[in-house]
Amino acid sequence: MSLFDLLRFAAGFLAATIGLVVLALACAAIATRLIAWRVEARYPAADRNIALEGGRVAYLEDGPAEGARATIVLLHGASANAYDPMEGVGRHLARAGFRVIAFDRPGYGNSDRLAGAAAASPAFQAKALGQALDRLATGPVILLGHSWSGALALRMALDRPEQVSGLVLVAPVAMPFPARPLPWWAGLALTPPVTWLLTRTVAIPIGLAYLPSVARSVFRPEPPVENYVAASRAPLILRPGPALANIQDLAGLPAALIEQAPRYETLRVPSVIVAGDADPVVQTRLQNDPLVQAMPHARRVVLPGVGHMLTYTAPDTLVREVEALSASLAR
């Protein structure tokens, strides 16, 4: 075989490989559209919304609108939406006499992203949700932030202290992570054009396949709550927009924590930090222990044998902590 024949064979092989990759991506893109359509048809997102600059923010509400013991604002974690905390601890709080508001964070559930990738930081989301609370005329509220939104609740208290009467931080991510270099493939996947492509092709079908096992894993070591996926509308993350928002939020969080963590010692808002000592997702010794040192006035509650999803596995404990915090504010 001549050199020319070898080059022609190599070119043909390369063209066939590229063609197969393009075909696979096209099939994945079609599957993504079908999955997103089915998810939106089956799981309607929050049905109330507020107009802000750049779009609308959706929310759920429960409990008494008049004569409530206090207004509690639920802030959901990564890969979630307003139904996640509402169907966990939110309904319990409403039955206890609190007005409960749960937001879809920008880009999640039925909320618009508002500012694209710039909406990824706790600072931006704190400003947007603060404006939403202004529109709702709630007055000062108690923020209950779970996981990723521990950082968000803290940022709202830092930037808008007049709007936050208390903080309930549940398995919060709040402190900077140890620096670790990303593998080359992760760095490539997080470049904006590649991330955009992945969330519109292969990411959603892969996410659909792994959703049941991921839903079980976030409860470990406790058993998962029955019907959690349906009740929390977890499949709403299986759409290109929310999937991209989730990746951007997670990728941008380390830098945001480095920026805001030194300010925690200035917070004087009454606070309680609730965590499980068996949480494999947000490890207590790496996050909550240093957060307590940064906020020595905050009360700390550690539940033995409890994992990450305290909003579902320990709602009565959370209600008691909210009641105690609300009572202290009323004195």
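**Figure 1. Helix α12 and its buried side.** The buried residues of α12 are Pro 315, Thr 317, Leu 318, Val 319, Glu 321, Val 322, Leu 325 and Ser 326, where buried means under 20% relative accessible area, exposed over 50% and partly exposed in between, with a 1.4 Å probe and protein chains only. Helices here are DSSP runs of H or I with at least four residues, strands are runs of E with at least two, and both are numbered from the N terminus. Helix α12 covers residues 315–330, and its 16 residues should span 22 Å at 1.5 Å a residue, which agrees with the 22 Å between its end C-alpha atoms. The expected span is 1.5 Å times one less than the number of residues.

Before the next views, a word on the model: it is predicted, so local features need pLDDT of at least 70 and side-chain atom pairs count only at pLDDT 80 or more, while totals for chains, interfaces and linings use all residues. Residues are numbered from 1 along each chain as its sequence is written, and side-chain values use heavy atoms, with hydrogens and water left out.

Figure 2. Rings of Phe, Tyr and Trp (its six-membered ring) pair if their centres lie within 6.5 Å; planes under 30 degrees apart count as stacked, over 60 as edge-to-face and the rest as tilted. By this rule the count comes to four aromatic pairs. In one of them, the rings of Phe 219 and Tyr 312 have centres 6.3 Å apart and planes at 70°, so the pair is edge-to-face. Phe 219 sits in the loop between α7 (203–217) and α8 (228–231) and Tyr 312 in helix α11 (residues 310–313), so this pair ties together parts 93 residues apart in sequence. Phe 219 is buried at 1% relative accessibility, and Tyr 312 is buried too, at 11%. The rings of Tyr 228 and Tyr 312 are also edge-to-face, because their centres are 5.0 Å apart and their planes at 90°. Here, Tyr 228 in helix α8 and Tyr 312 in helix α11 link distant parts of the chain, 84 residues apart. Tyr 228 counts as buried at 9% relative accessibility. Together, ring pairs join Phe 219, Tyr 228 and Tyr 312 into a cluster.

**Figure 3. Two arginines over tyrosine rings.** A charge sits over a ring if NZ of Lys or CZ of Arg is within 6 Å of the ring centre and within 35 degrees of the ring normal. The charged end of Arg 105 is placed over the ring of Tyr 108, 4.5 Å from its centre. Arg 233 lies over the face of Tyr 83, 3.9 Å from the ring centre.

Figure 4. Thr 311 belongs to helix α11 and is buried, with a relative accessible area of 1%. Contact means heavy atoms within 4.5 Å. Not counting residues up to four places away in sequence, Thr 311 touches Asp 84, Gly 88, Val 89, His 146, Val 170 and Leu 318.

**Figure 5. Leu 114 in its loop.** You will find Leu 114 in the loop between β4 (99–103) and α3 (122–136), and with a relative accessible area of 15% this residue is buried. Leaving aside neighbours within four places in sequence, its contacts include Leu 52, Gly 55, Val 57, Pro 106 and Phe 124. The C-alpha atoms of Leu 114 and Leu 52 are separated by 8.0 Å, although the two residues are 62 apart along the chain.
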